[in-house]
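Me: I am new to this one. Please show me the structure, and then let me ask a few things about it.

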Amino acid sequence: MTPVASDAKTRTKTPRRNDPPPLPNYIGNRKPWLNNTRRRSLTGWGFLLPAALLILFMSFIPMAQAFVLSLQTGRGTRLDFADPLWYNYQRLLSDEIFKLTLTNTFIYLIIQVPLMLTLALVLANLLNNPKLKFKALWRTAIFLPCAVSLVSYSLVFRTLFAGDGFVNDMLTGIGAIDSPINWLGQADTARFVIILGLLWRWTGYNMVFYLAALQNIDHSSIEAARMDGANAFQTFWYVTVPQLKPMIVLTAILSINGTLQLFDESWALTRGGPAYQTMSMAHYLYEVSFQKNPNFGYAAAISYVILMLVAILSFIQMKVGDKRD
Amino acid sequence: MTKLRSLPGYALLAFWALFSLFPLYFMVVSATNTSKDVLASRMLPGTALLENISVLFSTQNVVGAMTNSFLIAVGTTVLALAVCSIAGYGFEVYHSRGKDIVMAILLLAMMIPFAATMIPLFQLFARVGMVNSLWAVVIPMISTPFLILLFRQASRSFPHDIIEAARIDGLREFSIFARIYVPTMRSTFAAAAVITFMMAWNNFLWPKVILVNNSILTMPMLTANISAGYVTDYGVLMLAVLLSSLPTMIVFFLLQRQFAQGITGAVK
Amino acid sequence: MKSSAKLAAALTLTLPLALTLSACGSGGEAGGEGDGDNKLTVWTWDPAFNIYAMEEAEKVYQQDNPDFELEIVEVPWDDLQTKLTTIAQSQAFSELPDIFLMQNNAFQKNGLNYPDLFSDFSDSDIDFSEFPESVVEYSTIDDINYGVPFDAGTAVTALRTDVLEQAGYTVDDFTDITWEQYLTIGKDVLAKTGQPLLSGQAGSADIPMMMLQSAGASLFDDEGNPTIVDNEALEAAIDVYTQLVDAGVLIEVNSWDEYIGTIVNSNVGGTINGIWIVGSIQTAEDQAGKWGITNLPKLDTISGATNYSANGGSSWAISSNADVDLASDFLAATFAGSTELYDTILPKAGAVANWIPAGDSDVYNEPIDFFGGQPIFADVVAFGPEVPSNNTGAYYYEARDAVSTAMTQIMGGTDTATALGEAQANVEFAME
């Protein structure tokens with residue numbers, strides 16, 4: 001153990017040989033408060049401090065203000081506390097448009113998230129194989145969509161799925177359909193385009209997480225499984241996936257969060273159309289705040305509903321998936 | 001050793017890669033076409049690239065916007081990696097019930113839509129006179145619960161006995177983090193860097209709001225300017241968007257080997 | 001790389017960054033009245049149109065005030081609305097510029113909700129009677145003026161003369177007609193040339209709204225109550241619209257880009273929109289000389305119907321953080337007083353004046369080649385004063401969206417009364 005300068009000052013007795021050496025800041029007979037365990041614990045909390053402080057000021061305080069707002073009604077800056085206090089929340093229950101956006105958002109959540117995560121997992125696993133050729137090529141190609149800015153990808157998708165766009169041309173060309181599909185003009189197909197857009201854009205993103213995680217798992221476990229005679233699928237399912245659990249839980253939470261808060265695609269791809277049929281909750285929130293007659297109290301209430309939904313779902317996720325071994 | 005069952009694996013990869021690249025191909029091609037052709041979904045490259053370039057650079061401050069976006073993205077990434085990695089490490093390595101509760105509370109912060117906290121946040125910066133500054137753009141983006149969560153989850157697979165060994169060897173806590181954890185978790189840092197850079201680069205709403213007098217422009221703001229006129233030149237727009245997407249692609253390309261490579265023997 | 005070296009590297013990267021960030025920051029002079037002397041800041045959108053007009057206005061004003069300076073900041077309308085709302089809600093009025101442009105449709109909403117954003121024009125020299133009443137109405141609240149009308153949203157029927165010729169018609173056949181006649185001719189043109197006469201965005205209420213305004217009707221009454229149900233003019237407008245679509249004379253597309261695409265790629269024989277659409281039309285260089293302009297058909301089943309309407313349009317507002325005297329003097333001398341200004345900006349940008357005296361100048365009567373030599377701008381200025389007023393109110397966008405939704409439902413088969421009833425209910429809900 002490295003002798004510390006303070007030893008010379010504090011050691012008053014020669015320790016007996018069988019006693020453990022005294023702690024560096026041992027003063028007289030008393031055990032110092034700041035022993036190794038406590039110091040370690042404080043350091044541990046210290047590690048969290050910068051991040052936590054930033055979040056406190058940048059997120060929590062605005063969130064608290066938003067909560068107070070959600071209890072107020074009025075337009076613009078003429079806001080007063082509502083009577084009853086939960087008036088905005090009550091109003092949400094009878095808001096047809098909000099209910100529609102809620103349905104839309106859940107449709108996206110239930111269909112898109114599982115598909116995307118499974119796909120990302122499979123792709124990452126494939127890319128992790130040392131024998132794969134052109135790895136860098138595949139990786140870059142699959143990740144590129146998320147590097148593209150929102151404006152462009154929505155314009156591109158809108159053009160491709162237009163009445164006389166490429167997709168229709170191709171489908172009629174190969175005889176799959178008789179007349180062009182009005183992709184963005186009907187609710188179902190418009191939602192499909194959004195889901196397709198989400199899959200296109202975010203699969204690569206999640207793949208990156210899984211690739212990083214795959215690098216951190218122990219290859220010997222996979223080797224062992226292989227030697228025991230397991231095939232590719234079994235190895236994947238019984239050996240790889242359980243070790244990836246923490247990362248799967250992470251991406252699941254992030255995806256749930258991202259999808260429930262979906263704004264970009266609803267805004268840029270379909271403008272929430274046709275007639276609010278693809279609009280997400282966050283998009284509606286933005287409309288109520290900035291495009292319609294500003295009703296910030298109501299918008300804040302919507303945001304808290306979103307928060308509660310995300311919190312509940314994430315909580316379930318963590319309980320179910322995130323066991324520490 | 002695992003032999004890649006060639007066909008299904010390659011097929012899926014090829015399909016998804018093509019599917020991913022196709023719209024990008026359209027974007028690149030459109031940047032070389034005239035507005036009219038872009039609207040007609042022309043698939044072949046055209047001859048309007050130089051013209052689009054000259055129109056773009058003469059009507060918009062592209063260099064300025066690229067520089068600003070770059071400063072914001074790099075600044076955010078460096079600071080975010082520093083702040084969130086130690087937090088994630090802290091949550092996992094010094095695990096306690098208390099920390100779990102704190103983590104859950106911090107997670108709540110990312111669950112509220114930004115549009116709702118935007119105005120109180122703006123008010124905060126207005127009160128300290130930091131509106132219209134690049135710092136005001138960067139600071140809210142540094143500490144995200146998501147990055148902290150990423151590092152925490154990644155740390156789950158970091159063997160704790162290494163830490164114990166280091167402690168016995170007399171290393172201080174922060175040294176353990178800096179000298180052992182950071183080099184080992186290189187892949188996580190690389191992934192986090194890519195993700196943060198991308199998010200900071202493409203962030204549209206907050207910079208637009210806080211840089212209220214448009215004296216500083218970011219690339220997303222610039223492309224929004226182009227698409228907002230009465231008459232939009234779609235070829236120029238696609239070019240702007242292409243330029244806007246290049247840095248993220250480059251960062252990814254540079255870092256991808258980092259997060260796809262394994263741990264390189266830092267442990268013995 | 002050793003981690004301490006890495007740390008050092010990170011720091012060396014961060015430090016210059018930190019310095020640059022703080023240097024680049026505090027560009028925070030909002031440019032409002034803090035400048036004292038002869039300088040104004042303007043927020044507006046569109047370089048080819050509004051910004052260009054402002055630059056020319058600066059030159060005009062500098063003739064008498066050589067040390068006058070104008071700083072023009074490009075801000076897209078959506079952004080501008082967001083910024084104004086953010087500033088107003090956070091009470092950070094010192095961030096406002098001197099002058100900003102505002103969409104006419106949004107004026108009432110902003111004026112009623114955030115009066116603190118504006119300065120009024122009561123002490124200015126501007127003679128508002130030199131502008132069409134309908135346009136000044138948008139920026140008038142409680143009989144006080146808050147805006148100087150600029151960009152005219154005066155609606156026109158733009159037609160491909162070559163397509164018409166093929167079917168045996170001219171632009172005159174479309175002047176001062178009714179919608180019934182338009183439909184008849186449209187069907188004939190379709191049959192003979194295969195070209196629909198109109199395209200529009202599905203689920204967008206633009207065309208019915210223009211029809212509504214042409215009949216002097218609105219979505220709100222004078223007290224601000226929604227009048228979506230029991231609105232004869234609206235029902236007539238929707239009826240005409242449905243007939244147009246059913247007959248194939250109007251094709252619906254799904255986005256703005258597609259709509260522009262139908263025009264520039266010759267998929268339609270014409271369009272009906274605000275005069276500002278000619279900018280987009282003119283990007284199709286191969287169609288030069290093949291267009292003509294006239295007024296709108298009228299909803300003749302409604303009393304008070306006219307052949308004139310508007311879509312969009314904007315006005316200049318003076319902010320509460322402005323050098324009010326300088327700003328109002330500037331606007332009075334340029335946009336509300338300078339024929340020279342309007343003469344300059346017209347040929348280059350096609351920016352048509354709302355200001356009536358501007359229409360007297362020769363420039364306005366110049367024949368425009370793209371439109372077959374027709375002096376379209378003179379025609380449009382003549383249309384201006386004929387446009388009926390329309391009541392927007394603070395809830396205009398809610399009502400407009402509700403009607404758009406109703407349109408989508410009606411086009412999908414729902415009965416008009418039901419759809420409009422739902423729209424009215426939605427608007428009433430939003431107004432609670």
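Me: How many Å separate the centres of domain 1 and domain 2 of chain C?
Reply: This is a predicted model, where local features need pLDDT of at least 70, side-chain atom pairs count only at pLDDT 80 or more, and totals for chains, interfaces and linings use all residues. Residues are numbered from 1 along each chain as its sequence is written, while chains are lettered from A and ligands numbered from 1 in the order written. Domain 1 of chain C is 33-153 + 313-361 and domain 2 is 155-309 + 392-430, with bounds from an automatic or database domain assignment. Taken over C-alpha atoms, their centres are separated by 29 Å.

Me: Which element gives the largest share of the side of domain 1 of chain C that touches domain 2?
Reply: Contact means C-beta atoms, placed from the backbone, within 7 Å. On that count, 14 residues of domain 1 of chain C meet nine of domain 2. Two elements give two or more residues to the domain 1 side: α2 (47-64) and α4 (104-113) of chain C, helices being DSSP runs of H or I, at least four residues, numbered from the N terminus. The largest share, five residues, comes from α4(C).

Me: Is C:Asp221 buried or exposed, or in between?
Reply: C:Asp221 sits in the loop between α8 (206-214) and α9 (232-246) of chain C. Buried takes 20 or more other C-beta atoms within 10 Å, exposed 12 or fewer, and partly exposed lies in between, with C-beta atoms placed from the backbone. C:Asp221 has 13, so it is partly exposed.

Key. Contact = placed C-beta atoms within 7 Å.
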